[in-house]
Amino acid sequence: GVVRMFQSALTTVTGRRPVATARDYDPHEANSDSHPSRPGHAELLEAMGGAGGGPRRWDCAPVYKPSVGDQLKSRERKGRAPLEHYNMAPASSVDMKRGAEGKETEKEKGKDAGQLAGTASNQNQPPSDAESTADMFSIVLTPAQWRKLVILAFGSLVNNITYSLLAPFFPSIARERGVSEIHVGLVFGIFALAAFATAPYAGIALQKKRFTRLNMMIFGMVLNAIFTAAFGLLEFYDQEKHSIFWYLVLAYGSRIMAGIGCGLTDTSLYALIAKTFEGHGQLPALMGTMESVCGLGFVGGPALGGLLYDTTSFSLTMILPSVVLVGYVALPWYYLREHVPIKH
């Protein structure tokens, strides 16, 4: 204030304005005359020699060095972070306390990281022989997945039993009717040949989505069951009225159709396993399990056929597994059906 009074008195005595300094220049009031004690932008140019081409006085440099307060205001206007973000403000006791807490947290994180590294190193160690053997023969599934696996495995078992079911008794029955050994062998082999020829076309139909996996499996099982039971009805064929030729035609025809049904069922069963357990880490083990069940059906068929033939008859031996196969259809239809909302 004293300096301002001195400058005003000097101006009154000499009639000249003092030379403007950088301290007198305020960027927020450069174009306004609201502050009478500070020269505006025009007065600053006049003191420096005029805005035109006249001589300029460079004895003071019009360089503006903003204060910390101006920097803060400028950063707030531009939406930037405050100066404390760049550690330009002195740290207070609270900040020092926070820093100490941060260091302790980093130490704890380092300890946790060390423990995790130790755990990972233990996990990367090769398992022992006992652990690897236990993992080899263990399949981890949820109860719902176990139910689906058992349903599919039982269907594969019954479906393949129908192939080898007649092995113990049909050769003797065929010889009694005068059928040669060649035809007996062909009756067995034509079932597998029909399943072999059907499987590729069944896969193509599934790929082109002409049938769903479940619908093809159910259709194949019903077809297999119907013609397996029809083969058992050959017991009532009257050979005195009809020739052996028609007996062989009926035997071949029923076995071919049953083989087609078996091929459709097996193809759709494996496709259902792949779809139901898609993304499961033990899918190869599940496929191997299904293949084992399929082999069990081929092995158990003759034993079951011999037992049923000794206790019942030829026709019932073929009809009873067919009834079981048809009744089984309700299980996959209820538990494995994909529920699609009906569009009205």
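Colleague: At what angle do helix α6 and helix α12 pack, and how far apart are their axes?
Modeller: In this predicted model, α6 (residues 143-164) and α12 (residues 314-328) pack at about 155°, and their axes are 10 Å apart.

Colleague: Why is α6 called roughly antiparallel to α12?
Modeller: The angle is about 155°, and angles over 145 degrees count as roughly antiparallel. Therefore α6 is roughly antiparallel to α12. The crossing of α6 and α12 is left-handed.

Colleague: What makes α8 roughly antiparallel or roughly parallel to α9?
Modeller: Helix α8 (residues 181-207) packs against helix α9 (residues 213-232) at about 160°, with 12 Å between the axes. The cut-off for roughly antiparallel is over 145 degrees, so α8 is roughly antiparallel to α9.

Colleague: Which hand does the crossing of α8 and α9 have?
Modeller: The crossing of α8 and α9 is right-handed.

Colleague: What makes up the nonpolar surface patch of about 320 Å²?
Modeller: F245, W246 and V249 make the patch. A patch residue has over 30% relative accessible area, and nonpolar side chains are joined within 5 Å. F245 is found in helix α10, residues 244-276.

Technical notes:
Residues are numbered from 1 along each chain as its sequence is written. This is a predicted model: local features need pLDDT of at least 70, side-chain atom pairs count only at pLDDT 80 or more; totals for chains, interfaces and linings use all residues. Side-chain values use heavy atoms; hydrogens and water are left out. Patches are made of residues with over 30% relative accessible area and no salt bridge: like charges are joined within 9 Å, nonpolar side chains (Val, Leu, Ile, Met, Phe, Trp, Tyr) within 5 Å. Accessible areas come from the Shrake-Rupley method with a 1.4 Å probe; for residues, only the protein chains shown count as cover. A salt bridge is a side-chain nitrogen of Lys or Arg within 4 Å of a carboxyl oxygen of Asp or Glu. Helices (H or I, at least four residues) and strands (E, at least two) are DSSP runs, numbered from the N terminus. Axes are lines fitted to C-alpha atoms, for helices over the stretch in contact, and angles run from 0 to 180 degrees between N-to-C directions. Angles under 35 degrees count as roughly parallel, over 145 as roughly antiparallel, 65 to 115 as roughly perpendicular and the rest as oblique. A crossing is left-handed if the near helix is turned anticlockwise from the far one by less than a right angle, and right-handed if clockwise.
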